[in-house]
Amino acid sequence: MSSDIALPALSADAQGDIRKRRLILSLSGGGYRGLFTAHVLEQLFNRFGAGAPSDRVDMFAGTSIGGIIATALARGCTPARAKKLLLDRGQRIFPTTRFRTVKRTLGKALYDPANLRAAINEAIPDAEHVKLSAVKVPLLMPTVDWGSSKLHLLASGGMAESDALGLTLMDAMLATSAAPTYLPPHRAANHVFVDGGLVANAPDVLALQCARKLWGADADIRMISIGTASPQEGRDPMSMPGRGITLVQPLLEVVMTAQEIQAVRSAQADLGPENYVRLNFTIPAAQQHRVGLDLANAASTQLLQSLGDECIAALGLREQTLLKSLLGARNVPAAGA
């Protein structure tokens, strides 16, 4: 048996207020764990959405794989297609690699960015030619400028931070996702860029700051923030490597996760529960070895989608009602229906 959430009829003033709302979709980084993000997005729009993300979202923000997915959605790609591309291309982007430690010791990236470029071209055929600054919808991707060690905001849609380097969409996506040791730094416009997750793995706060500059400090801003099922709790203290090159990967993940936790807390405190929905489902400690930034095997694929289903199933009534109002569905099935 199923039932619908009954919402009161909206007055003309209330309907006007809804039209004035601004919705930000903010997507965290996490390599192949972005499959969780894409799966959650697909389920969200199947259940709560009316129309494509590009019809409902006023600003897209994303870091690393989140930036790639955000750009694809901003260019009209559906969540289902973004997910399918990860399923189809994941093992080519992150193939099983021998001599991982040796490669890292020699300073070589583990993976060829050509495979990631090919996947992006399939999702966004004009990515090599369209300038980021030419995109009309506000789109924000953080990266780090290796030369200056500064956060560099790649942005479009009339934001004050709009990219002045003239980067293409492809350059911007490769710049935000150039995770050290996994992929080589991305060189473009006489700059060298590395993964934005080093500074802003969850771009929530950056997106909120840019939105207020764009729309004014009193703008009625709502945000849907989606993680990548990162292991934010339950780490085994004994699993931390003691020294050497084996520290690189876990330290990178800790840096990204620590920033993500803080950014989410800050955005939650700023916007409040009535304006902010965070969707994430932490991997249980016993299963953390089954997923990773570059694990694109059958076990990780199944687990990430299963965690996405659990995330949607765990939504409370308040969150469902807010998601319905933001994404435009006509009715919302009760949880567990």
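Predicted model: local features only at pLDDT ≥ 70, side-chain atom pairs only at ≥ 80, totals over all residues.
Strand 2 and strand 3 run parallel and are joined by two bridges, and two strands are said to pair if DSSP finds at least two bridges between them. Residues are numbered from 1 along each chain as its sequence is written, and side-chain values use heavy atoms, with hydrogens and water left out.

Staying with strand 2, which covers residues 59-62, Met59 and Ala61 point one way while Phe60 and Gly62 point the other way, and all are buried; buried means under 20% relative accessible area, exposed means over 50%, and partly exposed lies in between, with a 1.4 Å probe and protein chains only. In a regular strand the side chains alternate between the two faces of the sheet. Strand 2 also pairs with strand 1, in the parallel sense and over four bridges, and here the bridge partner of Ser26 in strand 2 is Ala61.

How far can we trust the model? The chain averages a pLDDT of 85, and 82% of the residues score at least 70, pLDDT being the predictor's confidence in each residue, from 0 to 100. Over residues 1-19, however, pLDDT stays under 50, and the model has 18 contacts beyond four places in sequence for that stretch, a contact meaning heavy atoms within 4.5 Å.

For the chain as a whole, the secondary structure comes to 13 helices and eight strands, and buried residues make up 51% of the 337 residues. Among contacts between residues at least 6 apart in sequence, 75% join residues at least 24 apart. The accessible surface comes to about 15,100 Å², of which 53% belongs to carbon and sulfur atoms; such areas come from the Shrake-Rupley method with a 1.4 Å probe, and for residues only the protein chains shown count as cover.

Now to strand 8, residues 276-279, where Arg278 is found. Tyr276 and Arg278 point one way from strand 8, Val277 and Leu279 point the other way, and all are buried. Strand 7 and strand 8 run parallel and are joined by four bridges, and the bridge partner of Ser225 in strand 8 is Arg278.

What is the relative accessible area of Arg278? The value is 16%, so Arg278 counts as buried. The side chain of Arg278 is joined to that of Ser28 by a polar contact of 3.4 Å, a polar contact being a pair of N or O atoms within 3.5 Å, where within protein one must be able to donate a hydrogen and the other to accept it, and residues adjacent in sequence count only if both atoms are side-chain atoms. The side chains of Arg278 and Glu260 meet in a salt bridge, at 2.5 Å from N to O, a salt bridge being a side-chain nitrogen of Lys or Arg within 4 Å of a carboxyl oxygen of Asp or Glu. This pair links distant parts of the chain, with Arg278 in strand 8 and Glu260 in helix 11, residues 248-271, the two being 18 residues apart. Both Arg278 and Glu260 are buried.

Side chains of opposite charge can pair when their charged atoms come close, and the structure holds 10 salt bridges. One of them joins the side chains of Asp220 and Arg21, at 4.0 Å from N to O. Asp220 lies in the loop between helix 10 and strand 7, Arg21 in the loop between helix 1 and strand 1, and the two are 199 residues apart. Arg21, Asp220 and Arg222 are linked in a network of salt bridges.

Finally, helix 13, residues 317-327, has buried residues that include Leu322, Leu323 and Leu326. The buried residues of helix 13 pack against strand 1, helix 2, helix 3, strand 7 and strand 8. After helix 13 comes Gly328, whose phi is positive, near 95°.
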